Amino acid sequence: MGRTLQNTMINLGLQNACDEAVYQLGLDMEELEEIEEDAGLGNGGLGRLAACFLDSMATLGLAAYGYGIRYEYGIFNQKIRDGWQVEEADDWLRHGNPWEKARPEYMLPVHFYGRVEHSASGAKWIDTQVVLALPYDTPVPGYMNNTVNTMRLWSARAPNDFNLRDFNVGDYIQAVLDRNLAENISRVLYPNDNFFEGKELRLKQEYFVVAATLQDIIRRFKASKFGSTDSVRTVFDSFPDQVAIQLNDTHPAMAIPELMRIFVDIEKLPWDKAWDITKRTFAYTNHTVLPEALERWPVDLVEKLLPRHLQIIYEINQRHLDHIASLFPNDVDRLRRMSLIEEGGTKRINMAHLCIVGSHAVNGVAKIHSEIVKTQVFEDFAALEPEKFQNKTNGITPRRWLLLCNPGLAELIAEKIGEDYVRDLSQLTKLHEFVDDDLFIREVAKVKQENKVKFALYLEKEYKVKINPSSMFDVHVKRIHEYKRQLMNCLHIITMYNRIRRDPAKLFVPRTVIIGGKAAPGYHMAKMIIKLINAVAQVVNNDPMVGSKLKVIFLENYRVSLAEKVIPATDLSEQISTAGTEASGTGNMKFMLNGALTIGTMDGANVEMAEEAGEENLFIFGMRVEDVTELDRKGYNAQFYYDRLPELKQAVDQIKSGFFSPKDPNLFNDVVNMLFHHDRFKVFADYEAYVKCQEKVSELYLNSKAWTKKVIRNIAAAGKFSSDRTIKEYARDIWHVEPSDLKIPPPNEPRDAGQDKTPNGTAA
């Protein structure tokens, strides 16, 4: 979520008033804002997408709730010591959190372990351990519409009789200390991005948020006029018309068997009725195609922790496979491929398959990704129910990612096309009229220069590094992962360095290369990549032959509040994943909206950015998905590129020989060995095209006017990438609710009692 103060002032239309009031108290609002901690309760793009979606749902007047876990410790703080990443706990609640309100009156029990008893009256889950879920509510204000939605985060609490009720030998002190075991559930965020780690505590977290949330939703449904009771029990027929639940990846997949358990075991609905309601309630968004990221929980772990849920999953699977067998008799391989249970070695539950079978809609997050989902990853399921599969291209909120972080540019745009674009970003196309307006061109360039100077000052103050604000700011910020190919950027840096040293007199367009991002603590290769970047920076930044022509900076502790500073100052945005690996990306959109040009592959949303702006206004290079597939068929041979490209050979040899690690020449052996023998992401195959494309970038940068014209064309084409557009599509095609741009009257005006905010139901 990042910081809340400035975003709240902007959405409430109070920023100028607050700035002025605080100034009159002798304080500086910007200094005040810097004191607030980031709320970093998720990993990379998945967590930030949810935050943008909450902003858009409130701005569109949807009655929507964001549910999650109130981690005591969020994504770790990253320190760089001697070039290595070191993790520190993110104690973000140390000074309290003024934006949250604990709601103990809505506390709910969540059960674990135990056993299942079957009787004539149905299944009973008994002898469980209970953990309490305490909700904390954070307001989510819409932009200038007097709507305030809720983000409800659950915190784990031990019940007061924890470890004291059962045959206890009287160790009261130990029993109270053991309360920590239960409360550890919401202690810390697992810091993996695009990687599955099958730990018991993580499964507990996933079930914890799901069980508490579903009880909350059902309580709210029963209290509404729709949950009308026929004196004995609730009629759930209208449930899917009143409630829509979007599964943000498979992490909350246990919601499907949990809702079935509530309907069948507790509310005593017949299976078929319960299953129909469940399917119509859930929709699933897939966020990655990397096999190592797909959740596959061992059956014996689920059996121990959630025995009833395993039975329900088996029943869902049995009925699912019976259906397929009836359509495809004797096709045992299809049954194996489509089963929710993977046999062979340890039996595992494929959570993506569970989500597809248990949802009425499945979507990818960019056109190219949704195609890959349909034709490759889940092709059997798409062949069976093609109408279930959709695309919803990701977006970003223009409130945080333009108004808040780049007020200079936002104001310049407003002067030309008015202020309405903030709620309807498609209006940015009106900027096309000004692409040849010399004054506007100069003003856009001036705003960018001011942002660069401000960021250069920040780097000087925080990191004691001096950089040249007239150099090209070439920025690569995102989680560190092999598929995102920070290594390819690193090879380009070394190549530029070698060119400067080979011919110091030759004209060289000065660059400041900024790379930032966190590596998962257990991801050895990602940590080596950080060390390599820092080792290269050490050599490059201290070579007198290079001077101010080339500087390399690793941005420590990349997070939302730092993104808000670096993105508006960026000239060149690096989006260079191997085609077919980045589901969408959203950083790419933030840079586009803030006046950077993109160098990138035809991957994720880059494809649609090129479509919107014209491919000639981006620097597109490298293999397309088809080329990658073809290269896989032929067999990728890294040695071939190394032998054929002298500059690549020189760079790799320098890494290998210890040129960048003279004290430990073998330091980067693992990296080099990976690049030659098991590089799944084919860095060498795109190296030549990347370097050539970077030469075109430098050439254009010399012509400030031509460069800025492309910038304007990009900003004018960025409208599609508002999360408002994305959410309107979810609302229309999946949730079946109507966005309302009705401005609710402020609390000091009488309200028309007849005016219902969302006449067509509720999105949860």
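Predicted model: local features only at pLDDT ≥ 70, side-chain atom pairs only at ≥ 80, totals over all residues.
The model holds five cavities of 30 Å³ or more. Strand 9 pairs with both strand 1 and strand 8, and a separate entry below describes an open sheet of four strands. A UniProt record marks K590 as a modified residue.

**Cavities**

- Rolling a probe the size of a water molecule over the atoms shows where empty space is left.
- The count is five cavities of 30 Å³ or more, and the largest cavity contains about 170 Å³ of space.
- The largest cavity is lined by 16 residues, of which M1, N7, D55, V140 and R400 are the closest to its centre.
- Helix 1 (5–12), helix 4 (44–59) and strand 8 (129–141) each give two or more residues to this lining.
- By class, the lining of the largest cavity is made up of six nonpolar, six polar and four charged residues.

**Strand 9 and its partners**

- Strand 9 spans residues 148–157, and seven of its 10 residues are buried, so the strand is largely enclosed by the rest of the structure.
- Strand 1 (residues 65–69) runs parallel to strand 9, and five bridges link the two.
- D137 faces R152 of strand 9.
- Strand 8 and strand 9 form a hairpin with six residues between the strands, where M144 takes a positive phi near 55°.

- Strand 10 (245–248) and strand 16 (389–391) are the edge strands, each pairing on one side only.
- From one strand to the next, the twist averages 25°.
- Strand 10 and strand 11 (residues 282–285) run parallel and are joined by four bridges.
- L247 has Y284 in strand 11 as its bridge partner.

**The annotated lysine**

- The UniProt entry, which is unreviewed, lists "modified residue: N6-(pyridoxal phosphate)lysine" at K590.
- K590 lies in helix 23, which covers residues 587–593.
- K590 counts as buried because its relative accessibility is 7%, and buried means under 20%.

Terms used: Residues numbered from 1 in each chain as written. Heavy atoms only, no water. 1 Å grid on protein atoms, 1.4 Å probe; cavity = no way out; pocket = protein on both sides within 12 Å on 5 of 7 lines; lining within 4 Å. Points joined across faces, edges and corners; volume = space filled by probe spheres on them. Nonpolar A, V, L, I, M, F, W, Y, C, P; charged D, E, K, R; others polar. Pairing = 2+ DSSP bridges. Axes fitted to C-alpha atoms, helices over the stretch in contact; angles between N-to-C directions. UniProt positions renumbered as here; feature names shortened; annotations may be inferred. Buried < 20%, exposed > 50% of the residue type's maximum accessible area, 1.4 Å probe, protein only.
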